[in-house]
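Here are my notebook entries from an afternoon with this structure. Have it open beside you and follow along.

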Amino acid sequence: MSLFSSKDLKLLTNPLNMNNPITIQVLGICSALAVTVKLEPAVVMSVSVLFVLALANVIISLLRNTIPTRIRIIVQLVVIASLVIVVDQVLKAFVYDVSKQLSVFVGLIITNCIIMGRLEAFALGNKPWPAFLDGVGNAAGYGVILIVVAFFRELLGSGTIWGFQVIPEGFYEMGYANNGLMILPPMALIVVGIIIWIQRARSRDLIES
Amino acid sequence: MNVQGNTYTFVYASILVVVVASLLAFIAVKLQPIQARNIQNEKMQNILASAGIESSRDKAKELFDKHITKSMAINSKGEIVEGQVAFDIDLKKQLDKDEANRVLPVFLCENQGNTYAILQVRGKGLWGPIWGYLALEKDYNTIFGAIFDHKGETPGLGADINKDWFEHPFKGKKLFDEEGKFVSITVYKGGKGAAKAIGDLDHGVDGISGGTITCKALETMLNADCLVNYVEFLKKSKGK
């Protein structure tokens, strides 16, 4: 048996497009608003979510046959919260600058509905390896949208990419101005909306009757 | 074994909680010294940066020992308080006390033959605390450099108080007017060129468009909230 069967591959690629956690399932919107003002925090947030989601999926999948149904949500929350605290502590100790950048966002991972959603919907009923792939796939799907939104918000809102000025000074002298609205949370929703629009226009079977 | 039974559920939950709690406690205790060192080094870096000395986190301690020739604790009457380690003073706790009991840190920094007095300030921003370090020139009046930082101001707006373009204009501004009255710094609303438009070149800097509340908080920090405690000390030192 090869490492990636076609079913496994689907677990990885599906969330990137046809079953994207943000644009199709509309999960994780709150953090998508918070961290997409600049590209850098968006990328770090995506990586942190990838780590937490993949690991939480594996742990819950390993424990799945021992967890009493009545307290399963609590068990899931305990696993997620502990992982997030571990990530936070490790960042603070070894990459202090990154942890300062992220500040409250690391804590926000706990409330990310994608993580709870995947644990409940997938990890509880599948073996560790598919659960791991599902975690990576969904976190990547989340990350892709985050990065696209952050790219446009930073470019149009601040005229920079990854903190570097990309819109030349000459433009500003000719009367170009950064769009302050892009920095505010509502524009993240509108950008996500536009992405959903484009995606549905391209694949007709996503449109509800 | 009945996985859904009450006894099992209770035992499962108890074991889970104990295991997770000990794991987290273990990690927190193990990493605590490294984290504390990071925070200390950052403080040293900030103090040095206000006097224009760039340092990396690893070099901070070495450079701090080299350049900071003297550190002292003063009270709001401008007298030096003995028996206090200036570096360890928690400004937040001090500002919560009555004015008479406050102790504030002053660092004297020497670089390329010049001596700067570095003051620490702390205030309340829009979402959380803001703080900073002011390096003053020999006249205890002109600002040589300023470093600000914040806990959680709005990214792209108020959070920009820790950016060079905001901090740089503080250089050369004066805390006292010509009659020797403490006027501190005013942060003008209106973004780039606002202070110039008003004509306040000695005591005014440009604010951040969209970050007015943070800017006004910073202005208060440099006046009634915190810096005012240093006024007597500055006046005394100036006379020397």
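I looked up B:C109 and found it buried, at a relative accessible area of 0% (buried is under 20%, exposed over 50%, partly exposed in between, with a 1.4 Å probe and protein chains only). This is a predicted model, where local features need pLDDT of at least 70, side-chain atom pairs count only at pLDDT 80 or more, and totals for chains, interfaces and linings use all residues. Residues are numbered from 1 along each chain as its sequence is written, chains are lettered from A in the order in which they are written, and side-chain values use heavy atoms, without hydrogens and water.

Then I turned to the chains. I find 25 residues of chain B in contact with 26 of chain A (heavy atoms within 4.5 Å). About 2,200 Å² is buried between them, with 62% from carbon and sulfur atoms; this is the accessible area (1.4 Å probe) lost on putting the two parts together, summed over both. Helix α1 of chain B (residues 6–50) gives the largest share of the chain B side, 16 residues (a helix is a DSSP run of H or I, at least four residues, numbered from the N terminus).

Terms used
Helix = DSSP H or I, 4+ residues; strand = E, 2+ residues; numbered from the N terminus.
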